[in-house]
Each structure stands twice: as structure tokens, then as C-alpha cells.
Protein chains: 2
Amino acid sequence: MAGERLFYLPLGGAGEIGMNAYVYGFGAEGSERLILVDAGVTFPDMESTPGVDLILPDFSWLFERSRQVDGIFLTHAHEDHLGAVGVICRSIEAPVYARPFTMEIAAKKLEEFGVSKKILREVATHPAESKAGPFTVSFLHAAHSVPEASALLLETPGGRILHTGDFKFDESPTMGDPLTADSWKRAIGTGVTALVCDSTNALQRRKGRSEASVGPGIQRLVEQAKGMVVATTFASNIARVSQIAQAGRLAEREIVLLGRAMHRMLNAALQTGVVSDFPRTIEPNLAAGLPRNKLLVIATGSQGEPRSATAQLAAGKFQGIEVERGDTLLYSSKTIPGNERAVSRIINMMAKKGVDVVDDSAEIYHVSGHPNGPDLENLHIALRPKSVIPMHGEYRHLLSHSNLAKKLGMQSLVAENGTVVEFGSCGPRISEKIEAGRTYLDGFELIGARDGVIRERRQIARNGFVGVVLRRSGRRRAEVRATVWSAGLPAQDIADFEERLEEVAAARVADKLSNSKSEDEMKSIVARAVRHEVFDHVGKKPVVAVKFA
Amino acid sequence: MAGERLFYLPLGGAGEIGMNAYVYGFGAEGSERLILVDAGVTFPDMESTPGVDLILPDFSWLFERSRQVDGIFLTHAHEDHLGAVGVICRSIEAPVYARPFTMEIAAKKLEEFGVSKKILREVATHPAESKAGPFTVSFLHAAHSVPEASALLLETPGGRILHTGDFKFDESPTMGDPLTADSWKRAIGTGVTALVCDSTNALQRRKGRSEASVGPGIQRLVEQAKGMVVATTFASNIARVSQIAQAGRLAEREIVLLGRAMHRMLNAALQTGVVSDFPRTIEPNLAAGLPRNKLLVIATGSQGEPRSATAQLAAGKFQGIEVERGDTLLYSSKTIPGNERAVSRIINMMAKKGVDVVDDSAEIYHVSGHPNGPDLENLHIALRPKSVIPMHGEYRHLLSHSNLAKKLGMQSLVAENGTVVEFGSCGPRISEKIEAGRTYLDGFELIGARDGVIRERRQIARNGFVGVVLRRSGRRRAEVRATVWSAGLPAQDIADFEERLEEVAAARVADKLSNSKSEDEMKSIVARAVRHEVFDHVGKKPVVAVKFA
């Protein structure tokens with residue numbers, strides 16, 4: 001075993017919230033056997049990534065070592081943990097391990113990217129275990145805002161690692177088993193080499209609250225509402241969706257589910273037996289015949305997503321259902337930073353229709369699915385791991401989590417994406433940094449975050465575009481005609497303005513051709529002249545591209 | 001006086017936060033004399049308005065009646081109240097009334113747009129008054145997060161209106177006079193026809209806090225900090241900047257101001273006598289020689305603005321000053337919705353450098369400049385106006401404010417931008433709706449929000465662009481050559497891909513020319529063919545523009 005090592009390498013999720021992907025390796029340096037824990041995505045925005053469909057970690061390091069990969073393990077069914085599994089399984093042939101509900105969702109991702117579902121391996125929870133090269137992996141039940149979330153116990157000749165995935169402690173989770181720090185301790189004992197642990201809520205100073213704590217508030221609200229109630233939350237939060245539906249039944253309301261994700265998630269939950277007693281729902285078209293105070297709609301769109309059911313209800317009808325004055329819209333959710341404007345927009349549209357909008361500002365209708373600072377402390381104390389490696393969080397979350405561990409006397413370090421952490425006899429140490437980054441799925445293509453395509457689109461979005469086609473006409477080479485295309489320029493008469501630019505371009509070429517410049521030199525001379533002309537007239541500096549016909 | 005009427009018409013700010021502009025009119029219908037209260041802007045973002053420089057209300061209604069305008073009154077020096085004064089004074093010749101500090105800032109806006117400063121009229125506070133047609137206007141002192149904020153008392157033959165501007169009640173504002181609901185009552189008595197009133201914090205249920213309440217916390221933090229302290233806040237919040245500077249002096253630290261706005265605002269405050277005892281500051285280059293615990297930097301950038309002093313300190317050096325491990329960054333501010341990601345980015349960069357970042361999540365280091373729900377209630381009760389018209393706020397804020405007034409027995413209605421509210425003997429009523437909207441300053445040009453220029457830029461940002469120039473070559477018309485330009489497409493080999501598109505375009509024309517289509521028909525046929533080709537190959541649907549050379 002001399003020269004063998006155990007290491008951890010986050011490719012995504014360490015230094016950001018979202019896009020989780022963690023590699024573990026064991027073996028002789030350079031030829032370690034590898035497993036990947038989670039393959040998540042993050043979502044694009046107009047500011048940084050206009051038009052991009054999905055953002056995933058740069059997996060090139062792993063792709064180059066695809067033959068060393070013995071397994072992919074998915075902790076739970078959130079997009080930021082499994083959204084990239086379809087993409088990467090085109091390049092890596094390895095079994096994908098997951099519990100039934102997660103597997104159901106992962107299967108759809110594979111299908112989308114044309115990958116055979118045969119690579120899926122359904123697992124049961126600890127003490128059941130799976131062998132993947134030198135790794136023996138077992139799935140420990142975790143509470144979280146999605147069914148069947150799991151922490152992974154990784155046993156290797158080089159040590160035992162508890163990789164928590166996303167989790168929270170909850171003594172009354174309303175769905176699935178309770179989880180306390182002691183549950184894990186009872187299951188795996190102590191002697192943990194490293195606790196690699198969720199950090200997203202590390203800055204929160206109060207103890208986390210149970211999922212059960214939101215039930216009574218929701219029930220009261222639904223009972224007291226005079227009109228129809230529309231409740232929105234993440235579709236994958238089946239426990240919450242169920243609690244809302246139960247509140248509806250208790251108030252003798254019929255339940256309508258709106259939004260594709262809502263149906264997809266609930267069906268997956270029913271198929272895999274995660275839920276067996278979900279209240280009866282009715283089709284949207286049956287809602288029209290019922291008094292409004294007999295209706296509860298559970299809809300997608302808690303983050304202001306523009307095509308979601310809630311957004312469409314705010315704008316008009318959705319599947320025959322319309323909101324009216326006196327109805328109530330409940331956000332059983334928190335707004336993820338960055339989505340505030342989109343959510344506000346919906347709230348104002350709803351308010352304009354006379355809908356009472358109730359959000360979670362009073363902290364009654366939503367709880368987080370992640371461990372707060374005091375919860376992390378409890379876990380550290382219960383397990384007493386040799387070291388704590390904070391994962392999943394922005395830098396400040398990782399740092400705060402790491403400081404907390406150190407204060408309790410544990411070894412700890414902050415390892416961002418691309419950091420190889422080796423677990424030796426003296427504890428964890430950073431042995432290497434590899435290039436980590438982001439890959440964009442743009443249409444059908446995977447492009448590097450630095451390829452320039454997105455930069456070009458952003459530049460055009462800000463400054464407009466001018467294309468110039470130059471063509472030598474007539475017998476003498478010096479006679480040049482230019483055809484100009486512009487897009488996104490604020491000129492009053494655009495045809496007129498383009499003609500003017502054509503003249504400027506042609507004149508510039510005529511000026512310079514006698515000097516026998518190369519075509520490339522000509523192009524940049526014309527581009528500069530056109531850019532100046534545009535700036536002088538409308539104050540913009542467009543992207544200018546010049547081409548010879 | 002028969003047939004004369006008094007009306008209120010918000011052009012901006014009613015239904016949004018930002019972009020304040022309120023018209024008041026008095027006279028015979030159709031030939032009323034008008035005044036404008038505030039001429040604010042709002043800020044663009046990549047999501048909705050990429051590349052736009054400023055967003056202002058659509059002033060066309062007012063421009064068409066520019067000869068009826070007797071005056072422009074600016075309540076205070078925030079951009080969302082006076083940022084558009086330069087632009088509109090190119091089209092409206094009317095005096096601009098403001099108190100000295102506001103005037104100083106407004107003068108710069110006029111200069112920027114080449115408007116003579118001769119139109120400026122400096123005013124003193126109530127009981128001083130200015131006549132503008134049938135309006136007698138006096139400026140009542142208000143407390144707010146900028147010096148010399150004012151409410152306006154508008155006296156007309158048709159009634160008295162108190163237009164509050166932005167304000168808060170503050171018994172110890174640390175700069176300027178205290179303000180309570182009774183201060184205004186003492187000054188103007190009752191008998192107010194309409195209270196047109198700030199609504200931005202109407203949803204806040206706790207009483208607002210005084211500016212003085214943040215002093216001790218800041219002082220404690222500065223005293224206990226071991227390294228350099230960088231504090232960031234809005235530069236125009238001179239009271240806050242002063243409190244921070246005082247805390248620095250008490251801790252025997254030298255004060256450095258960083259960021260252009262910080263200097264501009266403080267200079268305006270000193271020039272107009274708003275501040276007379278600001279602590280001594282030193283130049284950034286002198287900071288290098290001092291121990292870090294002897295330095296307090298007050299910097300722009302509380303909203304994560306990418307070119308601000310704070311952002312540049314996070315990225316590296318700014319004017320020779322660098323942050324180090326053990327320094328402290330204090331956000332004496334709240335993050336405006338929409339800016340969360342930008343602020344988080346800076347915080348993480350600072351944390352990575354070992355800087356302790358302290359924000360206002362514990363509500364110690366910042367207070368708002370607007371009245372909360374209970375403060376509004378106090379004002380309603382003190383003044384007992386005949387009616388309350390909520391202004392400045394999103395729809396939900398206006399609505400909540402209006403409901404509050406109704407509960408207290410006052411008449412009230414929600415009037416969004418474009419709503420003409422007439423004040424008759426029976427109270428306020430909506431008499432008309434005019435077209436309201438937004439105008440963009442894009443480069444040098446003013447463009448309508450619906451002109452399509454920005455839509456085109458957004459489409460390109462999402463989907464890329466292809467320009468096609470077609471040219472008949474050879475003797476027979478049917479021989480066509482195409483030159484193709486693309487931008488922002490994720491093709492692997494772009495030159496190759498463009499050549500392919502050229503072939504597709506030329507082939508499509510050759511196909512169809514025999515059918516003797518018009519040029520316009522040809523263009524749309526080619527555009528469609530190119531768009532399909534692109535989609536089939538890279539999965540994007542670009543903006544395609546076709547032109548004949």
C-alpha cells in the first residue's frame with residue numbers, strides 16, 4: 001500500500017451554491033481509482049451567460065481519466081446535484097448509483113441525452129453497500145427538501161469519509177425518517193477520517209427548524225382564506241407539497257396541481273413509493289365548476305420563473321384557471337438571491353388583480369433544507385471526525401464552516417473547486433490545484449466559459465453589432481463596394497445610417513488600397529473607421545466584423 | 001373658476017421604486033398650467049435593458065405641453081429624483097427650483113446635457129415660497145438619507161397638496177433638523193386636500209429607526225477592528241459618511257475617501273454648507289505610511305457596482321491602497337433587490353483575502369431613509385388629510401399604503417403611472433389614463449422602450465446573429481453568391497460553419513429565383529433556411545438578417 005493515497009477534489013459546488021460535483025480518488029498517485037459524487041448544474045442569467053441553457057462544471061480533468069472512474073453516486077434529486085448526469089454519461093462509462101426516487105429523476109436526464117438507462121444501479125440505504133473499485137459506499141438516510149436525500153459513507157483502505165450531501169437535522173420531517181446528529185453516529189460510529197459537509201447555511205446562527213413546523217401555519221392560512229388559494233413551492237419538495245395538500249383537504253378544498261414539474265415530481269414520488277397517501281387531486285378543467293373557497297392550487301413558479309404556472313396565472317389564465325380578487329397566493333418558499341426582481345414582478349401583478357399575496361417574511365410558511373451553524377456544530381461534536389472539509393457553499397460559507405470546526409478542535413481547510421486534498425496520517429493537506437471552471441451547454445454544444453462566444457453575445461447585447469462585407473467591383477481593384485448590416489443600434493433611420501456606414505467603409509478602403517495593405521490590415525482599418533463613425537453619431541461602440549466577399 | 005380643476009399625474013415612480021416624476025396641473029381642462037415634481041431615472045440591467053445608459057419616464061405627454069409648464073421642483077438629490085433633469089430641460093424651458101445641495105447636484109446634470117444653469121432657482125425652506133403659475137410652492141424640511149430632502153406644500157385655488165418626496169421621521173437625524181409627523185402639522189396646519197406620500201416601506205411593520213441609532217455600533221466596530229476598516233455606503237448619505245468618519249476619528253484613525261462619487265458628494269455638501277465640521281481626510285497615497293489600525297477608508301460600492309472603489313479593492317489595488325488579512329469591510333447599507341449577486345461576489349473576494357466582512361444582517365449598521373407602516377399611520381393621523389394618494393412604490397406598496405389610509409377613514413386610491421387623479425369637492429377620482437412608459441438613453445439617443453432596438457439586442461444576446469449579403473454574380477441573374485457573418489454562435493469551426501451557411505443561402509436563392517419572387521420574399525426565404533440550418537447544427541435560433549448587395 002506504500003504510495004497509495006486517498007484524495008478529495010471538488011470540481012463544482014465548493015466556492016458557489018449549485019453545480020455540485022466531487023471527485024474522490026484512492027490508489028497509487030497518477031493511477032488512482034476514482035468515483036464522482038454528484039453531477040450538478042447551475043442556472044444561467046442574462047448578466048453573465050445570456051442564452052446559455054445550462055452551466056456545468058468543467059469535467060475535462062475527469063473526462064481525461066474516464067477509464068479510472070468506477071462509479072457515479074448521486075446523493076439526491078436536485079438539479080444542482082444531478083442535472084449534468086446525462087451530459088457526462090455520454091463521456092464516462094461507469095455505473096450510476098442512486099436511491100429509487102433519485103434514480104427515477106436521473107433516468108430522465110439520461111434519456112434526454114440519449115444515454116442508456118442500463119448504467120443505473122438502484123441502491124438501498126445503509127447498511128447496504130456498493131463496491132466501486134477500492135471504495136465501499138453506503139447511502140445514509142438524510143433529511144432534506146427532497147425525498148430520499150442521502151449522505152454517503154465512503155470506506156477505503158486510506159480512511160473513512162462521510163460526505164453529507166445536502167441535509168438538515170429534523171426530528172419530525174413529515175416524510176421519511178427523522179435525522180439527528182446522533183442518527184449518523186449510531187449508524188457509522190466514530191473514527192471518521194474526514195467529514196465533507198454541506199455549508200450553505202453555515203452563516204445562520206439560529207438552530208434549523210423542522211419541516212413539521214410549517215404545517216400549522218399553512219393550515220390556518222388555507223382554512224381562513226375566503227377565495228381560492230394558490231400555493232407555490234419547489235415541486236421536488238414533496239413533503240411540503242404534501243403538507244399543503246393535506247391542509248387543503250382538512251379545509252375541504254379540492255386540490256389542483258399546476259405546472260409540469262409538479263406532476264413529474266409527484267409521479268416519481270408515487271411510482272417509487274416515497275408517497276402513498278397523497279390526497280386526491282382533480283383536473284384543472286373541473287375546478288371551474290367549484291366555489292372558489294373549495295379550491296387549493298399547488299403551482300410551480302416560487303422563484304418567479306417566467307413560464308411557470310404561477311407566472312401564467314399572474315398574467316392571465318393557466319389551464320382554464322384564473323385568479324380573482326379575494327384569492328390568496330402563498331409563497332411557501334424563500335426567494336433565491338438573484339430572483340428577487342422576477343418574484344416581485346409576479347407579486348405586483350397578483351396584487352393588481354386583487355389577490356392577497358403572503359410570503360415567508362414572517363418565517364411561518366417555509367423552512368430551509370440545510371443545516372445552520374449550530375446544527376453543524378452538533379454534528380462535529382457528535383462525530384468528532386479527524387478533519388472537516390466544508391463543501392457546497394460560497395467561499396464565505398466554506399470559511400465560516402471551517403472556522404467553526406477549528407474552534408471545536410478539528411483539523412479543517414477551505415478547498416475550493418480544483419483543489420486536491422490528500423488525507424494522510426497527519427490530516428488533510430492541499431497537494432495540488434487543477435484547472436477548474438465552468439462549461440456551458442448552449443443549444444446542442446458544450447462550450448468553455450472562456451471560449452469567447454458568450455463574451456461576444458454580451459458585447460453585442462450592450463453595444464450592438466455592425467457587419468461589413470467588402471467587395472472589389474469593376475475592373476480596377478481600387479473600386480470597392482461595401483454592404484453593411486447593423487443590429488441593435490439606436491439610429492433614427494437605420495437604412496439611412498447603414499448607407500452612411502457603407503460610404504465610410506468604402507471610402508476608407510479606397511484611401512488605403514493603394515498602400516497595398518493585407519486583407520487583415522484592411523479589415524481592422526475599416527472596422528475602426530466604422531466603429532468611430534457609429535460612436536460619433538449615436539454614442540455606441542458596436543462589435544464590428546468585416547469580411548471580404 | 002368654474003371648470004377649473006386640480007390634478008395629479010404620476011409619469012414615473014408610481015408602480016415602481018425609482019424614476020420619480022409627478023405632474024400637477026391646475027386650470028381649465030385642456031389648458032391647465034403645470035408643474036413637474038422630480039425628474040428621476042432608474043438603472044438598466046442586462047436582463048431587460050442591456051447596454052442602456054439610463055432609463056427615464058416617457059415624458060412625451062409633458063413635452064407636448066411644454067409651454068404649459070411653469071416650473072420643475074426637485075425634492076432631493078437622489079438619482080431617482082433628479083437624474084433626468086438634464087435630459088428633460090433640453091425640451092422644456094422652465095425654471096428648476098431646489099434647495100442648495102440639491103441644486104449643486106442638479107447643476108452637474110444640466111451641464112452634462114448642455115443646458116444653461118441659468119434656469120436654476122435656489123430656494124429656502126418654508127415659510128419661503130415660490131410662485132409657479134397658479135401654484136405657490138414651499139419646501140418643507142424632511143429627514144432622509146441625503147441632505148436637504150424636502151416635502152413640497154403646493155397651494156392652489158383648487159386645494160392644498162402635501163407632496164412628501166422621500167422622507168423618514170427622525171428625532172435625531174445627526175444632520176439637519178429632526179422631523180416628526182407633528183413638525184409638518186405645526187408648519188402647515190391641517191386642511192390638506194391630498195397627502196401624496198412615499199410608500200416604499202409601507203409593508204414594513206416596525207417603526208422606523210433614527211439615523212443616530214447606527215452611530216454607536218459603527219463606533220464600536222471601528223474601535224475594536226485590528227486592521228484597516230473599509231466602510232461602504234451611498235456617497236449621498238452625507239450623514240452616514242460623517243458618522244463613519246467621526247467613528248474613525250474617535251478611534252484615532254486617519255480617514256481616506258475612495259471613489260469619485262464620495263468626493264463629489266462631500267464637496268457639494270461642504271460647498272453648500274450642509275456640512276461644516278467634517279473630520280480631516282488624507283490622500284490615499286499617504287495611507288501607505290501608516291499602521292493599518294490607524295486607517296479608516298470610506299468607499300463607494302455598497303451595491304456591488306463593478307467599477308466602484310470597493311469592487312476594485314476586492315480585485316486588487318485602488319489608488320495605492322490594498323486590503324489585507326485582518327482588515328474589516330463594513331457594509332453600512334442594505335442590498336437593493338437585484339444587486340445581491342454583485343454584492344455576494346465582492347464579499348467572497350474580500351473573504352478570500354482574509355478580510356472580515358460585516359454586513360447589516362444584524363440591523364446594527366444601517367437604517368432606511370423611508371417611513372415604515374406605523375410612521376405612515378402617524379402622519380395620516382397627525383395631518384388628517386382629506387385624501388391620501390400613495391406614491392413612490394411598487395404596486396403592492398401603493399396598495400398597502402392605500403389600505404392603511406382607508407382603515408383610518410381617509411379617502412384613498414391607487415394611481416399608477418399615467419393615471420390622472422382629479423381632486424374635486426367629493427374627493428379624488430381617476431379621470432383619465434394617459435400612455436405612460438419608459439424611455440431609454442442609449443448612447444446619445446433617446447429611444448422608446450418599445451422601439452425594438454433593445455429587444456433585438458436581447459434576442460442576439462440569447463440566440464446569436466447571422467447576417468447574409470446576397471449578390472447576383474455572372475451574367476445570368478440566377479447565379480447568386482452569399483456572404484455570411486455570424487456572431488455569438490457556438491459552432492466548433494466558425495469559418496467552416498459560415499461557409500456552409502453561404503452555400504445554403506445561395507442554393508436557396510438559386511432554387512427560388514426562377515419563381516420570380518420579390519426581393520423581400522427572397523429575403524425571408526433565405527432567412528428561414530439559414531435559421532433552420534443553424535438550429536439543426538448547433539441548436540440555436542439566431543436573429544438572421546438578409547440584404548442584397
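Start by selecting helix H13 (residues 395-407) of chain A and helix H11 (residues 340-352) of chain B: their axes come within 8 Å and cross at roughly 45°. Keep in mind as you look around that this is a predicted model. An angle under 35 degrees would count as roughly parallel and one from 65 to 115 as roughly perpendicular, so H13(A) and H11(B) are oblique to each other.

Now show the side chains where these helices touch. From H13(A), pick A:Tyr395, A:Arg396 and A:Leu399; from H11(B), pick B:Ser344, B:Ile347, B:Asn348, B:Ala351 and B:Lys352. Sorted by class, the residues of this contact are four nonpolar, two polar and two charged.

Next, zoom out to the whole contact between the chains, with 60 residues from chain A and 61 residues from chain B. About 5200 Å² is buried between the two chains, and carbon and sulfur atoms give 58% of that area. On the chain B side, select B:Met46, B:Arg341 and B:Trp485: these lose the most area to chain A, together 14% of what that side buries.

Which residue of chain A meets the side chain of B:Lys540 in a salt bridge? Select A:Asp442 and you will find the pair, at 2.6 Å from N to O. There are ten salt bridges across the interface of chain B and chain A, and 32 residue pairs are in polar contact between the chains.

For a last stop, color helix H14 (residues 453-463) of chain B, which gives the most to the side of chain B that touches chain A, with eight residues. That side of chain B has 27 nonpolar, 14 polar and 20 charged residues.

How values were computed
Residues numbered from 1 in each chain as written. Chains lettered and ligands numbered in written order. Predicted model: local features only at pLDDT ≥ 70, side-chain atom pairs only at ≥ 80, totals over all residues. Heavy atoms only, no water. Contact = heavy atoms within 4.5 Å. Buried area = accessible area lost by both parts, 1.4 Å probe. Salt bridge = Lys/Arg side-chain N within 4 Å of Asp/Glu carboxyl O. Polar contact = N/O pair within 3.5 Å; in protein donor to acceptor, adjacent residues only side chain to side chain. Helix = DSSP H or I, 4+ residues; strand = E, 2+ residues; numbered from the N terminus. Nonpolar A, V, L, I, M, F, W, Y, C, P; charged D, E, K, R; others polar. Axes fitted to C-alpha atoms, helices over the stretch in contact; angles between N-to-C directions. Parallel < 35°, antiparallel > 145°, perpendicular 65-115°, else oblique.
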